[in-house]
Amino acid sequence: MTALHPQPRPHRRLHWRTPVTMVVLLGILFGGFWWGWNSLTDSSAEPNCVEQKLPNNRLVPKQVVLNIYNGGARAGSAARIGEELKKRGFNVGKIANEPKGDKIDVVEVRGATTDGPEVKLALGQLNQKAKTVADARPDHTVDIVLGIGFTKLNAKGVPSIAVPADSVVCLPVVRPSQPIPSGQNPN
(Lines give C-alpha, C1' and ligand atoms only; values in the text may rest on other atoms or scores of the structure.)
Protein backbone atom coordinates (compact mmCIF):
# COMPACT_ATOMS: atom_id res chain seq x y z
CA MET A 1 0.00 0.00 0.00
CA THR A 2 1.03 3.37 -0.63
CA ALA A 3 1.01 5.82 2.10
CA LEU A 4 -0.30 9.26 1.52
CA HIS A 5 2.22 11.84 2.29
CA PRO A 6 1.01 15.16 3.50
CA GLN A 7 1.50 17.90 0.97
CA PRO A 8 3.65 20.80 2.01
CA ARG A 9 1.75 23.96 2.83
CA PRO A 10 2.26 26.77 0.34
CA HIS A 11 4.26 29.66 1.66
CA ARG A 12 2.31 32.83 2.17
CA ARG A 13 4.41 35.19 0.08
CA LEU A 14 3.18 38.60 -0.87
CA HIS A 15 3.35 39.23 -4.61
CA TRP A 16 4.21 42.93 -4.93
CA ARG A 17 4.99 42.95 -8.63
CA THR A 18 1.36 43.05 -9.85
CA PRO A 19 0.10 45.92 -7.63
CA VAL A 20 3.22 48.00 -8.32
CA THR A 21 2.82 47.47 -12.08
CA MET A 22 -0.85 48.50 -11.90
CA VAL A 23 -0.02 51.69 -9.98
CA VAL A 24 2.69 52.62 -12.52
CA LEU A 25 0.36 51.96 -15.48
CA LEU A 26 -2.46 53.99 -13.90
CA GLY A 27 0.01 56.84 -13.31
CA ILE A 28 1.02 56.76 -16.99
CA LEU A 29 -2.65 56.67 -18.05
CA PHE A 30 -3.62 59.65 -15.88
CA GLY A 31 -0.49 61.55 -16.94
CA GLY A 32 -1.38 61.02 -20.61
CA PHE A 33 -4.95 62.12 -20.00
CA TRP A 34 -3.76 65.29 -18.20
CA TRP A 35 -1.29 66.14 -20.99
CA GLY A 36 -3.91 65.53 -23.71
CA TRP A 37 -6.53 67.65 -21.96
CA ASN A 38 -4.08 70.52 -21.49
CA SER A 39 -3.01 70.30 -25.13
CA LEU A 40 -6.63 70.43 -26.22
CA THR A 41 -7.74 73.31 -24.00
CA ASP A 42 -4.57 75.44 -24.14
CA SER A 43 -4.10 75.34 -27.90
CA SER A 44 -1.34 77.58 -29.15
CA ALA A 45 -2.42 77.19 -32.77
CA GLU A 46 -2.33 80.26 -34.96
CA PRO A 47 -5.67 81.86 -35.78
CA ASN A 48 -7.36 80.80 -39.00
CA CYS A 49 -8.49 84.31 -39.81
CA VAL A 50 -8.18 87.78 -38.38
CA GLU A 51 -11.23 89.96 -37.84
CA GLN A 52 -10.67 93.52 -39.01
CA LYS A 53 -12.36 96.57 -40.48
CA LEU A 54 -11.56 97.22 -44.12
CA PRO A 55 -10.15 100.53 -45.27
CA ASN A 56 -12.63 102.37 -47.51
CA ASN A 57 -15.11 99.53 -46.81
CA ARG A 58 -13.76 97.56 -49.79
CA LEU A 59 -12.35 94.02 -50.01
CA VAL A 60 -9.51 93.81 -52.52
CA PRO A 61 -7.80 90.75 -54.08
CA LYS A 62 -4.65 90.97 -51.92
CA GLN A 63 -6.84 90.22 -48.88
CA VAL A 64 -8.25 86.97 -50.30
CA VAL A 65 -6.62 83.53 -50.43
CA LEU A 66 -7.77 81.31 -53.31
CA ASN A 67 -7.21 77.59 -53.84
CA ILE A 68 -7.54 76.53 -57.47
CA TYR A 69 -8.56 72.93 -58.17
CA ASN A 70 -9.01 71.02 -61.40
CA GLY A 71 -12.32 69.17 -61.27
CA GLY A 72 -12.37 67.86 -64.82
CA ALA A 73 -10.97 70.74 -66.87
CA ARG A 74 -8.07 70.24 -69.26
CA ALA A 75 -4.73 69.42 -67.70
CA GLY A 76 -2.86 72.53 -66.62
CA SER A 77 -5.98 74.69 -66.41
CA ALA A 78 -5.70 75.16 -62.64
CA ALA A 79 -2.08 76.30 -62.89
CA ARG A 80 -2.86 78.71 -65.74
CA ILE A 81 -5.85 80.22 -63.91
CA GLY A 82 -3.84 80.41 -60.69
CA GLU A 83 -1.14 82.45 -62.43
CA GLU A 84 -3.73 84.80 -63.94
CA LEU A 85 -5.34 85.33 -60.53
CA LYS A 86 -1.92 86.02 -58.96
CA LYS A 87 -1.40 88.75 -61.57
CA ARG A 88 -4.71 90.27 -60.46
CA GLY A 89 -3.39 90.44 -56.88
CA PHE A 90 -4.95 87.38 -55.26
CA ASN A 91 -2.99 85.20 -52.87
CA VAL A 92 -3.08 81.73 -54.41
CA GLY A 93 -2.70 78.93 -51.88
CA LYS A 94 -3.05 75.48 -53.43
CA ILE A 95 -3.14 74.50 -57.07
CA ALA A 96 -4.05 70.84 -57.49
CA ASN A 97 -6.64 68.34 -58.64
CA GLU A 98 -9.97 68.41 -56.80
CA PRO A 99 -9.21 66.77 -53.40
CA LYS A 100 -12.25 64.46 -53.36
CA GLY A 101 -11.91 63.55 -57.03
CA ASP A 102 -15.31 65.07 -57.88
CA LYS A 103 -16.01 66.04 -61.49
CA ILE A 104 -17.62 69.46 -61.89
CA ASP A 105 -19.78 70.50 -64.87
CA VAL A 106 -18.61 74.11 -65.35
CA VAL A 107 -17.13 75.85 -62.27
CA GLU A 108 -17.79 75.74 -58.54
CA VAL A 109 -16.81 78.26 -55.86
CA ARG A 110 -16.60 77.06 -52.25
CA GLY A 111 -16.28 79.29 -49.22
CA ALA A 112 -17.34 79.84 -45.63
CA THR A 113 -20.69 81.27 -46.81
CA THR A 114 -22.22 81.69 -50.24
CA ASP A 115 -22.68 85.45 -49.78
CA GLY A 116 -19.36 86.28 -48.11
CA PRO A 117 -17.42 89.16 -49.67
CA GLU A 118 -14.45 86.90 -50.44
CA VAL A 119 -16.73 84.52 -52.38
CA LYS A 120 -18.36 87.43 -54.24
CA LEU A 121 -14.93 88.77 -55.22
CA ALA A 122 -13.92 85.34 -56.54
CA LEU A 123 -17.20 85.06 -58.47
CA GLY A 124 -16.48 88.47 -60.03
CA GLN A 125 -13.41 86.99 -61.74
CA LEU A 126 -15.35 84.29 -63.59
CA ASN A 127 -16.82 84.52 -67.08
CA GLN A 128 -19.38 81.76 -66.47
CA LYS A 129 -22.12 81.20 -63.91
CA ALA A 130 -20.68 79.26 -61.00
CA LYS A 131 -22.32 77.02 -58.46
CA THR A 132 -21.57 78.30 -54.95
CA VAL A 133 -21.15 75.99 -51.98
CA ALA A 134 -20.97 77.04 -48.32
CA ASP A 135 -18.89 74.75 -46.12
CA ALA A 136 -18.43 76.92 -42.99
CA ARG A 137 -14.64 76.78 -43.22
CA PRO A 138 -13.02 78.70 -40.39
CA ASP A 139 -10.13 80.18 -42.40
CA HIS A 140 -12.28 82.07 -44.97
CA THR A 141 -10.22 80.91 -47.94
CA VAL A 142 -12.07 80.34 -51.22
CA ASP A 143 -11.81 77.29 -53.50
CA ILE A 144 -12.40 77.63 -57.23
CA VAL A 145 -12.97 74.23 -58.83
CA LEU A 146 -12.67 74.23 -62.62
CA GLY A 147 -14.95 71.78 -64.36
CA ILE A 148 -15.25 70.16 -67.76
CA GLY A 149 -17.16 73.11 -69.31
CA PHE A 150 -14.89 75.85 -67.93
CA THR A 151 -13.49 78.12 -70.63
CA LYS A 152 -11.75 81.22 -69.20
CA LEU A 153 -11.78 84.01 -66.64
CA ASN A 154 -13.59 87.28 -67.13
CA ALA A 155 -11.25 89.59 -69.07
CA LYS A 156 -11.80 92.39 -66.57
CA GLY A 157 -12.41 90.91 -63.16
CA VAL A 158 -14.11 92.82 -60.38
CA PRO A 159 -11.34 94.89 -58.72
CA SER A 160 -13.00 95.06 -55.26
CA ILE A 161 -16.21 94.34 -53.39
CA ALA A 162 -18.00 96.84 -51.16
CA VAL A 163 -18.76 95.79 -47.59
CA PRO A 164 -21.17 97.58 -45.24
CA ALA A 165 -19.66 100.51 -43.35
CA ASP A 166 -18.09 99.65 -39.99
CA SER A 167 -18.53 95.92 -40.59
CA VAL A 168 -15.86 93.50 -39.42
CA VAL A 169 -14.60 90.93 -41.93
CA CYS A 170 -12.64 87.80 -41.05
CA LEU A 171 -9.67 87.73 -43.44
CA PRO A 172 -7.42 84.71 -43.94
CA VAL A 173 -3.96 84.84 -42.45
CA VAL A 174 -1.64 85.36 -45.41
CA ARG A 175 1.72 83.71 -44.87
CA PRO A 176 4.41 85.03 -47.18
CA SER A 177 6.05 82.37 -49.25
CA GLN A 178 9.79 82.43 -48.79
CA PRO A 179 12.25 80.22 -50.61
CA ILE A 180 13.77 77.50 -48.48
CA PRO A 181 17.55 77.80 -48.27
CA SER A 182 19.31 74.84 -49.84
CA GLY A 183 20.11 72.02 -47.46
CA GLN A 184 17.30 72.84 -45.04
CA ASN A 185 14.29 70.67 -44.35
CA PRO A 186 11.00 72.39 -45.33
CA ASN A 187 9.19 70.76 -42.41
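1. Strand β4 holds N91, where helices (H or I, at least four residues) and strands (E, at least two) are DSSP runs numbered from the N terminus. N91 counts as partly exposed because its relative accessibility is 22%; buried means under 20% relative accessible area, exposed over 50%, and partly exposed in between (1.4 Å probe, protein chains only). N91 and L66 lie 25 residues apart in sequence, with their C-alpha atoms 6.2 Å apart in space.

2. On provenance, this is a predicted model, in which local features need pLDDT of at least 70 and side-chain atom pairs count only at pLDDT 80 or more, while totals for chains, interfaces and linings use all residues. Residues are numbered from 1 along each chain as its sequence is written, and side-chain values use heavy atoms, with hydrogens and water left out.

3. The protein chain contains three helices and nine strands, in the sequence pattern α-β-β-β-α-β-β-α-β-β-β-β. Of its 187 residues, 30% are buried. Among contacts (heavy atoms within 4.5 Å) with a separation of 6 or more, 77% join residues 24 or more positions apart.

4. An open sheet is formed by five strands in the order β4-β3-β7-β5-β6, with mixed pairing; two strands pair if DSSP finds at least two bridges between them. The edge strands, β4 (91–97) and β6, each pair on one side only. From one strand to the next, the twist averages 20°, with axes being lines fitted to C-alpha atoms, for helices over the stretch in contact, and angles running from 0 to 180 degrees between N-to-C directions.

5. Five bridges link β3 and β4 in the parallel sense, and Y69 stands opposite A96 in β4. Helix α2 packs on the sheet and touches β3, β4 and β7; its direction makes about 160° with that of β3.

6. How is β7 placed relative to the rest of the structure? Strand β7 is largely enclosed, because five of its five residues are buried. V142, I144 and L146 point one way from β7, whereas D143 and V145 point the other way, and all are buried. Strand β7 runs parallel to β3, to which five bridges join it; V142 is the bridge partner of L66 there. With β5, the pairing of β7 is antiparallel over four bridges, and E108 stands opposite V145.

7. The largest nonpolar core has 27 residues, and those with the most contacts inside it are L66, I68, L85, V109, L126, I144 and L146. Such a core is a set of buried Ala, Val, Leu, Ile, Met, Phe, Trp, Tyr and Cys residues joined through side-chain atoms within 4.5 Å. The elements giving two or more residues to this core are β3 (65–70), α2 (77–87), β5 (107–111), α3 (117–123), β7 (142–146) and β9 (168–172). Leaving aside neighbours within four places in sequence, L66 is in contact with residues including L85, F90, N91, A122, V142 and I144.

8. Q125 lies in the loop between α3 and β6 (131–134) and counts as buried because its relative accessibility is 2%. Its side chain reaches the backbone oxygen of V158 at 2.8 Å. Not counting residues up to four places away in sequence, Q125 touches L85, R88, F90, L153, N154, G157 and V158.

Technical notes:
Polar contact = N/O pair within 3.5 Å; in protein donor to acceptor, adjacent residues only side chain to side chain.
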